[in-house]
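Hi,

Here is the structure I promised to pass on to you. Have a look at it first, and then read my notes below.

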Amino acid sequence: MAFPVIAWPGERPDFTIQTGTHETGLEVTQAVDASYARFLSFAARAGLTDVPDAVQFLSLSSAASMSGRDMEALVARLIEHPPATRLPRDDDPAATLKCWLALIGDAITKKTDRYVRAPLTVERCDLLIYDNTGLNVELGSALDMLGASLPLAQTFERVYLLTGAALLELDAAMPHAPPFVHEVPIALLA
C-alpha cells in the first residue's frame, strides 16, 4: 500500500480512498434497513424480550415507513400478545443462518442494482456491509456458506462484511471462495 492514505466522503461512492496515485471507492451499507435498527431501540427501551428478527420485521408491509409512534404501538402489542412461535429461533441454527445469508445477499443486491443504474465515479469500488441483523450465527458455518450463497457483486471488486469482531473479505471475482477473515480489535468497534 502506498502512503499517505487520504479518504474523503462523497455521494457515489460514499468514500474515496487514495493511496499514492490510486483511487478506490468504498460504498457503505447496513445488512438490514435502518428501520429495523430503530425498532430494536424501541423494543430495548420497552423491555421486549421476544424480539422479531430482521426478516420477520421487514416482512411487515409498513416496516420501512413506520413512525416512532407506530413502532411503540407494535412493541406494546408484542409485549401484550407475544406470538406463540417465531422462526428462526436461536435453537434452529440452520434457519437462522439461512435468514442471515439472505439478508447479507439482499444488501449486496440492492447496492449492485443501484450502481448498475447510476455508475460510480471511480474505476474500482469496494463494498462494506455492517451486519446489524441481530441474528446470532456460528461464524464457522457462515464462512463455509457465505461466498457460495452471495449474488455476484460485479460492480464491486471486494465485498467486506463487518460482523462481530471480524471483518470478512470476499473477492467478487471468486464468489465461491471462502472469505478472508481479518480480526478487528475491539477498541476499534467501540
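Threonine 163 is buried, with a relative accessible area of 11%; buried means under 20% relative accessible area, exposed over 50% and partly exposed in between, with a 1.4 Å probe and protein chains only. Before you go further, note that this is a predicted model, in which local features need pLDDT of at least 70 and side-chain atom pairs count only at pLDDT 80 or more, while totals for chains, interfaces and linings use all residues. Residues are numbered from 1 along each chain as its sequence is written, and side-chain values use heavy atoms, leaving out hydrogens and water.

You will find threonine 163 in strand E5 (strands, E, of at least two residues and helices, H or I, of at least four are DSSP runs, numbered from the N terminus). Which residues does threonine 163 touch, not counting those up to four places away in sequence? They are Trp100, Asp131, Leu139 and Leu168, where contact means heavy atoms within 4.5 Å. With aspartate 131 there is also a side-chain polar contact of 2.7 Å. That term stands for a pair of N or O atoms within 3.5 Å; within protein, one must be able to donate a hydrogen and the other to accept it, and residues adjacent in sequence count only if both atoms are side-chain atoms.

Next, the strands around it. E5 and E6 pair in the antiparallel sense over 6 bridges; two strands pair if DSSP finds at least two bridges between them. Across this pair, leucine 161 stands opposite leucine 168, and leucine 162 is opposite leucine 167. The hairpin has 2 residues between the strands, and glycine 164 takes a positive phi near 60 degrees there. On E6, alanine 166 faces glutamate 183 in E7, and these two strands are antiparallel over 4 bridges.

The open sheet has 7 strands in the order E1-E2-E3-E4-E5-E6-E7, with mixed pairing. Strands E1 (5-9) and E7 stand at the edges with a single partner strand each, so one side of each is left without a neighbour in the sheet.

Last, the core. The largest nonpolar core has 37 residues, and Phe39, Phe57, Trp100 and Ile129 have the most contacts inside it. Such a core is a set of buried Ala, Val, Leu, Ile, Met, Phe, Trp, Tyr and Cys residues joined through side-chain atoms within 4.5 Å. Helix H4 gives the most to this core, with 9 residues.

Enjoy exploring!
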